[in-house]
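This report looks at a ligand site and at aromatic pairing. The sequence and structure come next.

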Amino acid sequence: MFKKLKEERTLVMVKPDGVKRGLVGEIVKRIEQRGLKLIALEMFQATKEDIEKHYSTSEENLKNMGGKLVSTCEKYNIDMIKEFGTSDPVKLGALVHSWLGEYLTSGPMVKMVVQGILAVEMVRKLAGNTMPAQAEMGTIRGDFSVDSGIIANTQRRAVRNVVHASGNVAEAEFEIGLWFKSDEIHSYKRAEEEIMF
Ligand code: CDP
Ligand code: MG
């Protein structure tokens with residue numbers, strides 16, 4: 001049981017804006033410094049088909065992404081019907097989904113598998129809130145971006161938030177299987193494992 005928690009895996013990607021801004025090293029540094037282990041890493045160019053598979057079009061996922069647009073609009077008093085023709089989170093999520101293809105194929109990305117204690121939750125904490133303008137200082141999104149849902153979505157584009165991190169363990173397993181073959185994932189002990197945990 002505890003061994004499983006220690007060996008949890010998550011998928012991290014430095015998105016095209018992060019790569020173009022020279023933030024790969026900084027992001028890897030923060031992951032390694034936290035005591036998490038890189039077990040796979042590669043730079044690659046994604047296709048729109050890859051991105052469509054990566055972000056599920058399940059109602060649940062669309063509702064989650066669209067819901068973030070709804071709360072942004074509510075916060076800034078924006079008329080969703082006027083701006084987007086709907087206030088239905090699922091339909092708004094489908095719009096966001098269509099913008100993600102443009103964003104994530106706009107340049108190379110760096111994908112990695114990260115392993116360690118509660119890796120999914122740890123990397124989510126390192127990444128910070130989806131909307132950089134709302135992310136805490138000290139997080140990757142909070143320190144390196146100030147893009148906001150309202151600016152991005154009203155410009156009909158996805159929020160440029162530097163990094164992707166799997167949202168939960170099931171999502172992580174699916175995403176790792178999507179982006180890496182099993183022989184591209186490595187196994188080794190970090191020196192700290194003896195001392196830190
Ligand atoms: O990446 P994260 O898991 O924090 O957020 P998500 O809800 O799974 O959304 C995936 C990605 O879609 C985000 O990282 C943003 O780049 C983008 N997004 C957006 O542009 N506008 C929204 N209203 C929601 C998400
Ligand atoms: Mg997500």
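## Model and terms

Helices here are DSSP runs of H or I with at least four residues, numbered from the N terminus. The model is predicted.

## Where the ligand sits

Ligand 1 sits in the largest pocket. Around it are 17 residues. Those that come nearest are Lys68, Arg124, Thr130, Val159 and Asn161.

Which helices each supply at least two residues of the shell around ligand 1? They are α5, spanning 59-75, and α7, spanning 89-104. The most comes from α5, which gives four residues. By class, the shell divides into nine nonpolar, four polar and four charged residues.

## Polar contacts and burial

Oxygen atoms of ligand 1 take part in several polar contacts. In the side chain of Thr130, an N or O atom is 2.5 Å from a ligand 1 oxygen. Val159 uses its backbone: a polar atom there is 2.7 Å from an oxygen atom of ligand 1. For Lys15, a polar side-chain atom lies 2.9 Å from an oxygen atom of the ligand.

How much of ligand 1 does the protein bury? Taken alone, ligand 1 exposes 500 Å². The protein buries 97% of that area.

## Aromatic pairing

A pair of aromatic rings is described by two values, the distance of the centres and the angle of the planes. The count here comes to one aromatic pair. Phe44 and Trp179 have ring centres 5.0 Å apart and planes at 55 degrees, so the pair is tilted.

The pair links distant parts of the chain. Phe44 belongs to strand β2, residues 37-44. Trp179 belongs to helix α11, residues 169-179.

Terms used. Residues numbered from 1 in each chain as written. Chains lettered and ligands numbered in written order. Predicted model: local features only at pLDDT ≥ 70, side-chain atom pairs only at ≥ 80, totals over all residues. Heavy atoms only, no water. Near = heavy atom within 4 Å. Polar contact = N/O pair within 3.5 Å; in protein donor to acceptor, adjacent residues only side chain to side chain. Areas by Shrake-Rupley, 256 points an atom, 1.4 Å probe, with all protein chains shown as cover. 1 Å grid on protein atoms, 1.4 Å probe; cavity = no way out; pocket = protein on both sides within 12 Å on 5 of 7 lines; lining within 4 Å. Sits in = over half its atoms within 2 Å of the grid points. Nonpolar A, V, L, I, M, F, W, Y, C, P; charged D, E, K, R; others polar. Phe/Tyr/Trp six-rings, centres within 6.5 Å; stacked < 30°, edge-to-face > 60°.
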